[in-house]
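Hi there,

Here is the structure I promised to pass on to you. Please open it beside this message and follow along as you read.

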Amino acid sequence: MCPSTEATLRLTVAALMHLTGERQADLATGLGLSQTQISGKQAGTATWSLADVDKLSAHYGIAVGDFLVGVERAILADD
């Protein structure tokens with residue numbers, strides 16, 4: 001069974017944070033959110049909104065679709 005879109009997005013964000021060396025606080029600043037909000041979204045207790053995905057796309061310079069396809073696609077798009 002494939003992971004949900006939300007789970008895929010959380011995994012993709014986690015992989016990009018690891019790849020770039022960003023902490024949740026760094027990502028929060030880049031997206032105009034609080035670290036607590038990022039923590040909740042990454043823990044699955046809050047959801048990433050479509051507006052958040054747009055911000056993630058701009059922040060990492062990766063097309064929105066690449067975030068939703070999965071980790072490998074987003075990381076390859078980052079190269």
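**What turned up**

At 5% relative accessibility, aspartate 52 counts as buried, where buried means under 20% relative accessible area, exposed means over 50%, and partly exposed is in between (1.4 Å probe, protein chains only). Before going further, a word on the source: this is a predicted model, in which local features need pLDDT of at least 70, side-chain atom pairs count only at pLDDT 80 or more, and totals for chains, interfaces and linings use all residues. Residues are numbered from 1 along each chain as its sequence is written, and side-chain values use heavy atoms, with hydrogens and water left out.

**The overall picture**

The secondary structure of the chain comes to six helices and zero strands. Helices (H or I, at least four residues) and strands (E, at least two) are DSSP runs, numbered from the N terminus. Of the 79 residues of the chain, 35% count as buried. Contact here means heavy atoms within 4.5 Å. Among contacts with a separation of 6 or more, 54% come from residues 24 or more positions apart.

**Salt bridges**

Let's go back to aspartate 52. What does its side chain meet in a salt bridge? The partner is lysine 41, at 2.7 Å, N to O. A salt bridge is a side-chain nitrogen of Lys or Arg within 4 Å of a carboxyl oxygen of Asp or Glu. This pair links distant parts of the chain, with aspartate 52 in helix H4 and lysine 41 in helix H3 (residues 35-43), eleven residues apart. Lysine 41 is buried too, with a relative accessible area of 10%.

As background, side chains of opposite charge can pair when their charged atoms come close.

By this rule the count comes to three salt bridges. One of them joins the side chains of arginine 23 and aspartate 26, at 3.1 Å from N to O. Arginine 23 is exposed, at a relative accessible area of 54%, whereas aspartate 26 is partly exposed at 29%. Another salt bridge brings together arginine 10 and glutamate 6 (3.9 Å, N to O). Both of these residues lie in helix H1, four residues apart, which is about one turn of the helix. Arginine 10 is partly exposed, with 23% relative accessibility.

Which residues of helix H4 (residues 50-60) are buried? They are Asp52, Val53, Leu56, Ser57 and Tyr60. Seen down the axis of H4, these buried residues fall within an arc of 145 degrees, so they line one face of the helix. The arc is that of the directions from the helix axis to the C-beta atoms. After H4 comes glycine 61, whose phi is positive, near 70 degrees.

Two of those H4 residues come up again in the largest nonpolar core, which has 15 residues: Leu56 and Tyr60 are, with Leu27 and Trp48, those with the most contacts inside it. A nonpolar core is a set of buried Ala, Val, Leu, Ile, Met, Phe, Trp, Tyr and Cys residues joined through side-chain atoms within 4.5 Å. Helix H1 (5-20), helix H2 (24-31) and H4 are the elements that give two or more residues to this core. H1 gives the most, with four residues.

Leaving aside neighbours within four places in sequence, leucine 56 is in contact with Leu9, Val13, Leu27, Leu31, Trp48, Gly61 and Phe67.

**How the helices pack**

H2 and H4 pack at an angle of about 105 degrees, with their axes 10 Å apart. That makes H2 roughly perpendicular to H4. Axes are lines fitted to C-alpha atoms, for helices over the stretch in contact, and angles run from 0 to 180 degrees between N-to-C directions. Angles under 35 degrees count as roughly parallel, over 145 as roughly antiparallel, 65 to 115 as roughly perpendicular and the rest as oblique. Where the two helices meet, Leu27, Gly30 and Leu31 belong to H2, and Lys55, Leu56, His59 and Tyr60 to H4.

The axes of H2 and H3 come within 8 Å and cross at roughly 110 degrees. H2 is therefore roughly perpendicular to H3 as well. Here Gln24, Ala25, Leu27, Ala28 and Leu31 in H2 meet Gln35, Ile38, Ser39 and Gln42 in H3.

Happy exploring!
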